[in-house]
Every structure is written in C-alpha cells, then in structure tokens.
Amino acid sequence: MSADRTAPAGGAARPVAEPRRVVLTGCGALSSIGDGVAEFTEGLRAGRVGTGDISVFDTTGFPSRRGHQVNGFDAAARLHRLKPERTGRATQFAAAAARMALDDAGLDEEWLRARRGTVVVGTTDGEVGELDLLTESALALGLAAFTGASLSRTATGGLALGVVRELGLSDVEPSTVATACAAGNYAIGAGFDAIRAGRAEWALVGGADALNRKTFAGFARLGLIAPDECRPFDTDRMGLLTGEGAGLVLLESEESARARGAEIYAEVLGYGINCDASHPTAPERDSVARCIRLALENASVKPEEVDLISAHGTGTPTNDTTEIAAIREVYGDRPPRTVGVKAMIGHTMGAASALGAIASALAIRHGFVPPTANHRTTDPDCPVDVVPNASVPADVRIVQNNGLAFGGNNAVVLLGRHDSPRGEYAR
C-alpha cells in the first residue's frame, strides 16, 4: 500500500509522507475467564480455565455439553444505544467490547466522531446462533416467526455496523471480515494499514462470535470436540472446546497517542496473511511457515528477536503438530516459548486471534507469559516450551500472534514493546 495514499474526499485523515507507527492503546475483552481487561488479565495470570456446561442452546444428543460460555453478560447494562431485542448476541459482544476498548483507552465518543476512523470486526459465524433460534421459531410458528425484529438480529454485517451504531459514529468505514478463525488478525491488519497509510486516525478492530448449535454440531461430527478439557500440544489432547466472546482493540498513530498522553500497551509492528486453499480443514505446514515469514518481513523483525508466540493451538492432533512444525521451520531447533490460551478461553472462532492479540499485548505491558493450561505431558511431536499450567514473569518485547483458519486462511500479527525505536528490538 502506497505510503503517500491520501484519505477519501471529505475524510478527516491527512496524507502522510512516511508510514506512521501504529500503537494499541485500548483493549476490550469478553471471555469465559473474565469480562474487561482487568478480569481478563487476572484470568491469564492465574491460568484460569473457563470451561462449563453450555446453556445458550440445547446440547441434548451431543456427546458433550462442555464449552466456554460468556456468563452473566447483561446486554442492556452494557449497551447505550443498541436495543438487545433487535440485536444478535455476537453483535452485542462486539459492541460491548468496542465500548470497553474505548473506555480503556481513556477516550470518549466525541473524540472518535471528530476524526475519520475504521471499524473492522472479524467473525466465523456472524449471527448463526440467531438463525438457529429463528429456525426453531419457524418450525413452531410458521411464517409468523419472520418478524422484523427477528430478521434484524441475523445479519452478519451487523457486527461492524453494531459497533458504529452503538458509538454513534458517522465518518467511519465499517466492515465485517468472515475469514473464520483467523478473522481477528485480519481485522487488526486492516486497521494497521489504514492508520499507517493515513486513511484513518483511529481503528476499532478485532473479532466476535457467539456459541451456536451449527458450529458445535459441525465440530462434533468432525470428531474434534474434547470430552473434558482442551489440551494444546499435550500427548493426550483430544480436541477443542468451542467458545464465545469478543476482543476489540483501539489502534491509533504513535503521534496521536503521545499528543494525548495515552498509555500504550504495545506497537503493532506488522502482519502477514496468505491462503493455501489446499484442504477445507487441515492446515498446510509450508503455507503457515510462509505466513510467519511474511509477518516478520513486514514488521522488520528477525526471528531471534521474538520472545513469545501466542499459538493458534486448538488442541487437535493435526493442527498442533502442523503449527509447531511450521514454527520450527522458521525458528529452527530453539523456537520461542509457545503458548495456547485456548486451553483457558476455548476456541472463540472469529474472536480467537483478537483475544490472542490482547493476551500478547498484556504480556508485553505487564511482563508475564500466560500459561498453556490443562497440561500434562508435552507431545514429542510438539517440541516447544508451552509454559505449562502457571504463568511466569518475563521480559517480553516482541510477540507473534497466530491465527490459522479452515480453508488455509492464515494471519500472523507481530506486536512489540513501544519503548524502543523501530528496528532496535534486538537485545
């Protein structure tokens, strides 16, 4: 993307001669281990596992009813403008997390409205859960089930639009990205590009998804649902646990953050995306390795400078071994610590890599490595330090955050500590 790209006519963003540095100044997290950045941080530090029985849909007839549900979420209390009765659960999550990120950044709606921005929300399922409910109602009621209110809750594009409506924005470019489990990283990359090139002054980006019967049934039929817990990189791992939640971050230019005295979690150094399309569900090692190299090159980071990898780490036999093989193809026999936070928060689909990016930023800011929970014995085919079961203090300067999706959609984001000039991250 050209460095001298100008903003669209009428936009408040200005042309830039050099690419801007992009920093992360606000985090909004909804997960099974905590809502809000403080609870989410505490949960990561403690190695908290949010597994429980799913109650948002009927699990009768399935081999397991376990998953990672956001409990106690009160949409009416969280949302100021959106009407919960006309808004799907995933959109509610996205809007609530965006408001959390805005508050965490110390900003208000007026600040956003005065500047051109972008909102990008990644998702796997959109509002499939609402379609499930509508189908149930249609079977019972017939055409009477198809009311304006029920249909308004089902639009996938409503995730980004829901954020815009909740915050009362107008000079903004909203988009919803449906690149499955890598979608959160895709969204972060899009926001990074927009700010770096001067097309936007701020970006609210990330991912959101809600538990639903369709996806749960799909993974169950594939034999990928773990019977008890998700155990990434463990010899006895038996699969993933589906989850829900949202992760939205507020990005802005370094210049903007410094001017207002903002606290900076991390700098977005760069990202890489690719798609091998070699198999509907199985990852391809060389393609994942290429994506990692693309991200490192885009970020001007050397492999030896990376301190931590937040892995995709689904806990499925094939995905874990393929991901670690790709990591070792790039990093050699001594890769960085590699952790799987899905053991704690479940596989939150489109929110997964966004919540992984927040965990990465928190690791940088607070100086700790979150653990891979539920761990017993590391699989010999996954020879990495998974930081089993308990977080550890660490000087974390650069983190690689992986997002690997069905269909070969790969996205890798690099975050770095902001206290070093660009290109001087080596110790």
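User: Which residue takes a positive phi just after helix 3?

Analyst: Gly 106 does, with a phi of about 75°. Before going further: this is a predicted model, in which local features need pLDDT of at least 70 and side-chain atom pairs count only at pLDDT 80 or more, while totals for chains, interfaces and linings use all residues. Residues are numbered from 1 along each chain as its sequence is written, and side-chain values use heavy atoms, with hydrogens and water left out.

User: How do you know that the span of helix 3 agrees with its number of residues?

Analyst: Helices (H or I, at least four residues) and strands (E, at least two) are DSSP runs numbered from the N terminus, and the expected span of a helix is 1.5 Å times one less than its number of residues. For the 16 residues of helix 3, residues 89-104, that gives 22 Å, and because the end C-alpha atoms are 22 Å apart, the two values agree.

User: What makes helix 3 mostly covered?

Analyst: Buried means under 20% relative accessible area, exposed over 50%, and partly exposed in between (1.4 Å probe, protein chains only); 13 of the 16 residues of helix 3 are buried.

User: What do the span and the burial of helix 8 show?

Analyst: Helix 8, residues 183-196, has 14 residues and should span 20 Å, which agrees with the 20 Å between its end C-alpha atoms. Helix 8 is also mostly covered, with 12 of its 14 residues buried, among them Tyr 186, Phe 192 and Asp 193. Gly 198, with a positive phi near 85°, follows helix 8.

User: Why is Ile 264 called partly exposed?

Analyst: Its relative accessibility is 21%, so Ile 264 counts as partly exposed. Ile 264 is found in the loop between helix 10 (254-259) and strand 9 (266-275). Leaving aside neighbours within four places in sequence, its contacts (heavy atoms within 4.5 Å) are Val 23, Leu 24, Thr 25, Ala 257 and His 418.
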